Amino acid sequence: MFFDAELRYNDKIEYIDLNGAGMMKCPSCKHNGTRVVDSRPVDDVRAIRRRRECEECSFRFTTFERVEETPLIVVKKEGIREEFSREKILRGLIRACEKRPVSLDQLEQMTHEIEREIRSLGQAEVNSELIGEKVMDKLSKIDEVAYVRFASVYRQFKDINVFLDELKDLIKKD
């Protein structure tokens, strides 16, 4: 089984291919040796979170190892196809929730749930509209302001009337 490592430090995310590499470079000093301080399963035991420390400079950082999934293709509105990216969803959620009382853990959990729901459909290709609607559905339950922010970009509101219609629909749901 091959793993990809998701490296998180200073609110940045890097992806490292561990296929046979064996060593993890420190993101601070680039030294080739780190030790694992803590390991624990996450995402319903589909990934491993590792807390690491550089043997050279003692910098601590977190990596996530995840089993490579079968590629999932997203079909955009224009017909363009691209590989599904959970990071793209997470970035959009982070932007929508800026300065809102929503934790990164909540956003990561939401991203995981969206990916799981989409992959459970068992399709090799999925429309971007389905992903956008799932994001908006989950976001509306967590933070209404973040929902409106996301919707304004996703639905590309052309004028204030479309924006007001979306707000009215949101109020009706409550």
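Which residues have the most contacts inside the largest nonpolar core? They are Ile 131 and Leu 139, in a core of 24 residues. A nonpolar core is a set of buried Ala, Val, Leu, Ile, Met, Phe, Trp, Tyr and Cys residues joined through side-chain atoms within 4.5 Å; buried means under 20% relative accessible area with a 1.4 Å probe, protein chains only.

The model is predicted: local features need pLDDT of at least 70, side-chain atom pairs count only at pLDDT 80 or more, and totals for chains, interfaces and linings use all residues. Residues are numbered from 1 along each chain as its sequence is written, and side-chain values use heavy atoms, leaving out hydrogens and water.

**The whole chain.** Display the protein chain, which has 5 helices and 8 strands; these are DSSP runs (helices H or I, at least four residues; strands E, at least two), numbered from the N terminus.

H4 supplies the largest share, 6 residues.

**Leu 139.** Select Leu 139 next; among the residues that it touches are Leu 93, Met 110 and Phe 150, not counting residues up to four places away in sequence. Contact means heavy atoms within 4.5 Å.

**H1 and H2.** Now show H1 with H2: their axes, lines fitted to C-alpha atoms over the stretch in contact, come within 10 Å and cross at roughly 140 degrees. In H1, Arg 86, Ile 89, Leu 90, Leu 93 and Ile 94 take part in the contact with H2.

Technical notes. Buried means under 20% relative accessible area, exposed over 50%, partly exposed in between (1.4 Å probe, protein chains only). Axes are lines fitted to C-alpha atoms, for helices over the stretch in contact, and angles run from 0 to 180 degrees between N-to-C directions.
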